[in-house]
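Subject: Model handover

Hello,

Here is the model for your files. Please open the sequence and the structure side by side before reading on.

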Amino acid sequence: MASAAADASAGEESLRRALSEKQVEVDAQGSVVRELKASIASKDLISAAVEALSALKLEKASIEKRLQEIVSASNGGHQNKEAFRQAVVNTLERRLFYIPSFKIYRGVAGLYDYGPPGCAVKSNVLAFWRQHFVLEENMLEVDCPCVTPEVVLKASGHVDKFTDLMVKDEKTGTCYRADHLLKDFCKEKLEKDLTISTEKAAELKHVLAMLDDFSAEELGEKIKLYGITAPDTKNPLSDPYPFNLMFQTSIGPSGLSPGYMRPETAQGIFVNFKDLYYYNGNKLPFAAAQIGQAFRNEISPRQGLLRVREFTLAEIEHFVDPEEKSHPKFGEVAKLEFLMFPRELQVSGESAKRMVLGEAVSKGIVNNETLGYFIGRVYLFLTSLGIDKERLRFRQHLANEMAHYAADCWDAEIECSYGWIECVGIADRSAYDLRAHTEKSGVALVAHEKFAEPKEVEKLVIAPVKKELGLAFKGNQKMVVEALEAMDEKAAMEMKAELETKGEVEFQVCTLGKNVTIKKNMVAISKEKKKEHQRVFTPSVIEPSFGIGRIIYCLFEHSFYTRPSKAGDEQLNVFRFPPLVAPIKCTVFPLVQNEKYEEVAKRIAKSLTAAGISYKIDITGTSIGKRYARTDELGVPLAITVDETDSITIRERDSKKQVRVNVDEVASVVKKVMDGQSTWADVLWEYPSHHSASADE
Ligand SMILES: Nc1ncnc2c1ncn2[C@@H]1O[C@H](COP(=O)(O)OP(=O)(O)OP(=O)(O)O)[C@@H](O)[C@H]1O
C-alpha cells in the first residue's frame with residue numbers, strides 16, 4: 001500500500017472529493033479510508049470507493065477488507081445511536097419533559113403529555129416563532145376551531161385523499177403502514193446486505209424513489225415479491241387498503257352533521273381569506289399564521305414525539321400575486337449558505353451540498369424568491385433554537401412527491417438518531433386551496449388589482465370537454481380535467497400548437513402518475529381579448545408548516561451530552577439549551593442551610609420574578625454538586641449560589657466557570673444574558689471570576 005502513495009498524489013484531490021461526497025475520506029497517503037459521519041455505509045458506497053481507490057492502483061483486496069471494517073464500525077454506530085437515544089429519552093421522561101399520556105392506564109400509542117420543563121421549552125419555542133415570523137412580517141394571527149365540518153375538508157380534498165395505505169397482520173390484526181414496511185425492508189437490505197447485486201440494489205433504490213407513487217395494488221405486489229411479513233410476529237400480511245387518517249366526529253346531538261378533528265390548521269386560514277384580505281386593506285402580499293393542535297390517526301405511531309396522533313402545528317399561509325413572487329427582503333437571507341438537497345442530487349444518488357441560497361434561487365433550483373425567503377427564515381429560526389447546522393438540510397420534493405398543483409416544495413429535515421426527519425414543510429401550493437373553497441362555497445376567494453386606465457387584456461381560456469374526457473378516461477376524468485385546468489400559459493399554448501398540428505398530445509397527469517393521450521376534441525384552448533378595469537385573480541399561497549413536537553425532539557437530541565462526574569464514577573447528563581429555549585433560566589441555591597443565606601436567596605428570587613425570569617430555588621441540604629447536576633439535566637443555563645450575604649456566585653452550565661456578583665445586580669446580569677444583550681463571555685470579562693472552594697465540582 002505504501003508504494004501507492006506516490007500514485008495517489010496526482011489523483012488524490014479528485015478521489016478525496018469523490019469519497020467525501022460518499023461520506024468516506026482517505027488519509028494523506030491515500031491508503032486508509034474512514035467514515036466521515038456515523039451514517040451506515042452502503043453497498044453503493046463500497047463499490048464507489050473500491051472503484052475510486054482501484055483507479056489509484058491500490059490493492060483491491062486490502063481496500064475491501066478496510067471497507068468491511070467501515071461497515072461493521074458503522075453498524076456499531078447504529079447501536080450507539082440507539083444507546084444515545086435511550087439515554088436522551090430516559091432523561092426526558094424521568095425529568096418530565098414529556099411522558100406517555102394516560103400512563104396509569106398503560107398509555108395510548110401516539111399520545112404524549114408535556115410535563116413542566118417540556119411545557120416551558122414548548123412555550124419558549126412558540127414565543128420565538130411568533131417573534132421571528134408573526135412579528136417580523138406583520139402576519140395576521142388567527143385561532144380557529146379544531147372541530148371542522150365535513151364540507152370544508154371535502155373541498156380541501158382531505159375526505160377523499162388524506163389516506164395512508166395500511167396492511168394487517170393476518171393473525172393478530174395489528175396494523176402497519178404498508179409503505180413504511182416496504183421502505184424499512186429496502187433500506188435495511190441496501191445498508192446491511194453486502195452480498196446484494198448491483199441490479200438488485202438499483203431495483204430497491206428505484207422502489208424507494210417511487211414509494212409515494214405506488215397504488216395499493218403495486219404496494220401489495222412488492223410486499224409479496226419481497227416476502228415481507230409482520231415485523232413483530234412474522235405472520236403474513238393482508239393486501240394494502242386505504243385508511244383515512246382523520247378522526248371523525250359529529251357536530252351536535254343529532255348525528256346528522258358530520259365533522260372531523262382538523263388534520264392541519266391551514267384550512268381555517270383559507271376559509272377566512274376574504275375577511276383577512278379586507279382586514280389587510282385589500283392588499284397583497286400578506287401572510288396569516290396559526291398555532292394549534294392537529295389530529296392524525298396515524299396507523300402505527302412509533303418514534304416517540306416524531307409521529308403522534310395529536311400535535312401542535314404552527315402554520316403560515318403567505319398569499320402572493322402568482323405573477324409577482326419576488327420578495328423585498330430576500331436580500332437579507334440571500335447570502336446564507338447551508339445544506340441543500342435538490343431533486344437532481346437525489347435522483348443521481350448524490351448527497352446534499354452546501355449552497356448559497358441566493359444562487360439556488362437565481363439558478364432556478366428554488367422556484368421563486370418568496371419561497372427562498374421563507375427557506376432562509378426557517379434556517380435562521382431552527383439554528384437560533386439550537387439545531388445543529390450540520391444536521392439540518394433542505395430537501396426538495398421529487399416530482400412524484402408533490403401534489404400536482406404545487407409549484408415547488410422543500411422540507412427542512414433534521415438528522416437525529418432516527419435518521420433525517422421532516423420537521424418543516426415549505427410549499428408553494430399555487431392557487432389550489434383558495435380555488436377549491438371558492439368552487440365549493442360559491443364565495444369568490446380572490447384578489448383584485450385595479451388598473452389606472454382600462455386595459456385590453458388577452459385571457460387564456462382552457463375549456464376541457466368533459467363529455468369526451470369522460471368517455472375516454474371514465475373514473476379518471478376528474479383528475480385529467482383538473483390537470484388540464486391547472487396548466488400554465490406556456491404549457492397550454494404548447495398543447496394547443498401540438499393539437500393543431502398532430503391532432504393529439506401526450507400529457508402527464510401527476511395525480512394519476514402517468515401520461516394520457518389528449519385528443520383535439522377533448523379540450524379547447526384559446527386566448528380572448530377583453531377590456532378590463534381590474535385584474536381579478538386567485539392568489540398563490542406559500543406555506544411553511546412547522547411540526548413543533550418534531551422540532552423540539554430534535555432539539556433535545558442536538559442539545560444532549562454527558563460528562564463524567566468529578567469523582568469519575570458516573571456520567572452526568574446535560575442539555576446545552578440556549579437561553580432562548582431553556583425551560584428555567586436560573587437556579588438559586590443557598591450553599592448551606594442557614595437562615596441568613598435563605599433570606600438572601602428569597603430576596604434574589606423576588607428580584608428575578610420582578611425581572612420576569614423563570615428560576616428554581618433549592619434550599620435542600622443536598623450537596624451543591626448534586627444540585628448542579630440536577631439542574632444541568634434540565635438545561636438550566638445559570639446557577640446562583642448564595643455563599644455570602646452581600647455577593648453571590650453565578651455558575652455557567654457548560655463551562656462551569658463562576659463569577660462573583662453583588663446581590664443587587666444579580667437579576668439584571670441574568671436578564672441581560674437571557675435576553676441576549678450580553679454573552680457569558682461579557683460577564684466573565686466584567687465580573688471577578690470565582691474559583692469554587694467546594695469539592696463538589
Ligand atoms: N404524526 C405526526 N406527528 C408529529 N408531527 C407531524 C406528524 N405528521 C406531520 N407532522 C408535522 O407536521 C408538518 C406538516 O405536515 P405535513 O402534512 O407536511 O407532513 P407529512 O408530509 O404528512 O409528514 P409525514 O410524511 O412524516 O407523515 C410536518 O413537517 C411535520 O413536522
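Predicted model: local features only at pLDDT ≥ 70, side-chain atom pairs only at ≥ 80, totals over all residues.

Residues are numbered from 1 along each chain as its sequence is written.

The sheet
Three strands form an open sheet in the order β6-β11-β10, with antiparallel pairing. From one strand to the next the twist averages 40°. Strand β11 (residues 258-261) runs antiparallel to β10 and is joined to it by 3 bridges. In this pairing S250 stands opposite P258 of β11. Strands (E, at least two residues) and helices (H or I, at least four) are DSSP runs, numbered from the N terminus; two strands pair if DSSP finds at least two bridges between them.

The helix pair
Helices α4 (residues 116-135) and α19 (residues 548-559) pack at about 115°, their axes 11 Å apart. Axes are lines fitted to C-alpha atoms, for helices over the stretch in contact, and angles run from 0 to 180 degrees between N-to-C directions. α4 is therefore roughly perpendicular to α19, a term for angles of 65 to 115 degrees. On the α4 side the contact (C-beta atoms, placed from the backbone, within 7 Å) is made by V121, K122, V125 and L126, and on the α19 side by I548, I551 and I552. These residues divide into 6 nonpolar, no polar and 1 charged.

Regards

Definitions and conventions
Parallel < 35°, antiparallel > 145°, perpendicular 65-115°, else oblique. Contact = placed C-beta atoms within 7 Å. Nonpolar A, V, L, I, M, F, W, Y, C, P; charged D, E, K, R; others polar.
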